[in-house]
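Thanks for coming, everyone. Please have the sequence and the model open while I talk.

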Amino acid sequence: MEKLKRRIADGKVLHLIERYLQQEIVAQLSHWVPTMGSPQGAVISPLLANVYLHDLDQEMANAGYKMVRYADDFVVLCESQEQAQAALARVTEWVQVHQLTLHPDKTHIGNCMERGQGFDFLGYRFEAGHRNIRRKSINAFRDKVRALTRRNCGQSLKYLVDRLNPMLKGWLGYFKHAKGGIFANLDGFVRRRLRSILCKHNKLGYYHRSKAISQRWPKTYFANLGLFTLYEARAAASQSRCGNSQLESRMRENRTYGSEGGVI
């Protein structure tokens, strides 16, 4: 609240934010009032994280470090392992003074240009000089598709396609910067889910990957229904996109060690 008072003079706004911080939390059959911090998942948490961690941004910038931060997740990009260790020590000292804790699982030092030493950041996996989609994000995508394409749903295929398309477009909008090999595989997964429903509707038994089923309902069949295709849309976006994101360009500029941290 002291940090907010530096920027906000309106007492009503400050009182409203303070009520957010003191709101009761209910989980299953228990409830409590937090004594410090911002409730995880609260709508105001990202804003308060940016306010509270702004001084960390300035601290690292003044020390000559290049840091990329989104709310309470951040990566410090360094030119050597020694510099990364010094950066981690500086961050650790700062968060301790400000009564925060570095996430024990997310915080580590590694050479993101080497295989096996990469890191996850905002749904992506940065490793061996490439930007891929992390495994957890891919599994979440598959779970969403499964939820929308249950074999016993009883809906028409056109209805299912119309429900899938917004999710597919939104997902690609975020992950289109990843390496392209995964998108064709995910398209195939979506079509297999839809073919399974078609087998159910046509009383063909449980769907299995047979050539006859793929020939009966080929890619063009789903294209004619208007199914959004990740691979083709990503290829089109790649042709019109030039340059790299801030994080990728900085990774290539500082090609050795990076210190990743997550603050909770």
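**Hairpins, cysteines and a pocket**

Start in strand S8, where isoleucine 133 is the bridge partner of tyrosine 124. Before going on, the ground rules. This is a predicted model, so local features need pLDDT of at least 70 and side-chain atom pairs count only at pLDDT 80 or more, while totals for chains, interfaces and linings use all residues. Residues are numbered from 1 along each chain as its sequence is written, and side-chain values use heavy atoms, with hydrogens and water left out.

Some terms. Helices (H or I, at least four residues) and strands (E, at least two) are DSSP runs, numbered from the N terminus. Two strands pair if DSSP finds at least two bridges between them.

Back to that sheet. It is open, has 3 strands, and runs in the order S6-S7-S8 with antiparallel pairing. Which strands stand at the edges? Strand S6 (119-121) and strand S8 (130-133) do; each has a single partner strand, so one side of each is left without a neighbour in the sheet. Neighbouring strands here are turned by 30° against each other on average, direction ignored. That angle is taken between axes, which are lines fitted to C-alpha atoms (for helices, over the stretch in contact), with angles running from 0 to 180 degrees between N-to-C directions.

Now the pairs. S6 is joined to strand S7, residues 124-127, by 3 bridges, and the two run antiparallel. Phenylalanine 121 stands opposite tyrosine 124 of S7. S7 and S8 are also antiparallel, over 4 bridges. For background, strands of a sheet pair through backbone hydrogen bonds, either parallel or antiparallel.

Next, the turns. Most residues other than glycine have a negative phi, and most peptide bonds are trans. S6 and S7 form a hairpin with 2 residues between them, and leucine 122 in the turn has a positive phi of about 55°. S7 and S8 form a hairpin with 2 residues between them too, where alanine 128 has a positive phi of about 55°.

There is another hairpin elsewhere. S3 and S4 form it, with 2 residues between them. They pair in the antiparallel sense over 5 bridges. Arginine 69 has phenylalanine 74 in S4 as its bridge partner. Alanine 71 lies in the loop between strand S3 (66-70) and strand S4 (73-77). Its phi is near 55°, a positive value in a residue other than glycine. Is alanine 71 buried or exposed? Buried, with a relative accessible area of 16%. The cut-offs: buried means under 20% relative accessible area, exposed over 50%, partly exposed in between (1.4 Å probe, protein chains only).

S4 itself is mostly covered, with 5 of its 5 residues buried. Asp73, Val75 and Leu77 point one way from the strand; Phe74 and Val76 point the other way.

On to cysteines. How many disulfides does a search of the whole structure find? It finds 0. The test is a pair of cysteine sulfur atoms within 2.5 Å. Take cysteine 78: the closest cysteine sulfur, in cysteine 112, is 9.8 Å from its own, too far for a bond. Cysteine 78 is buried, at a relative accessible area of 0%. Cysteine 153 is partly exposed, at 28%.

Now the pocket. On a 1 Å grid over the protein atoms alone, a pocket is an open set of points where a 1.4 Å probe fits, with protein on both sides within 12 Å along at least five of seven lines; lining residues have an atom within 4 Å of a point. Of its 34 lining residues, the closest to the centre are Gly37, Ser38, Leu48, Tyr52 and Leu100.

Helix H1 (2-5), helix H2 (11-21) and helix H3 (45-62) each supply at least two lining residues. H3 gives the most, with 7 residues. The lining divides into 19 nonpolar, 10 polar and 5 charged residues. Here Ala, Val, Leu, Ile, Met, Phe, Trp, Tyr, Cys and Pro count as nonpolar, Asp, Glu, Lys and Arg as charged, and the others, Gly among them, as polar.

One last residue. Tyrosine 20 lies in H2 and is partly exposed, at 32% relative accessibility. Its C-alpha is separated by 8.4 Å from that of alanine 42, 22 residues apart along the chain.
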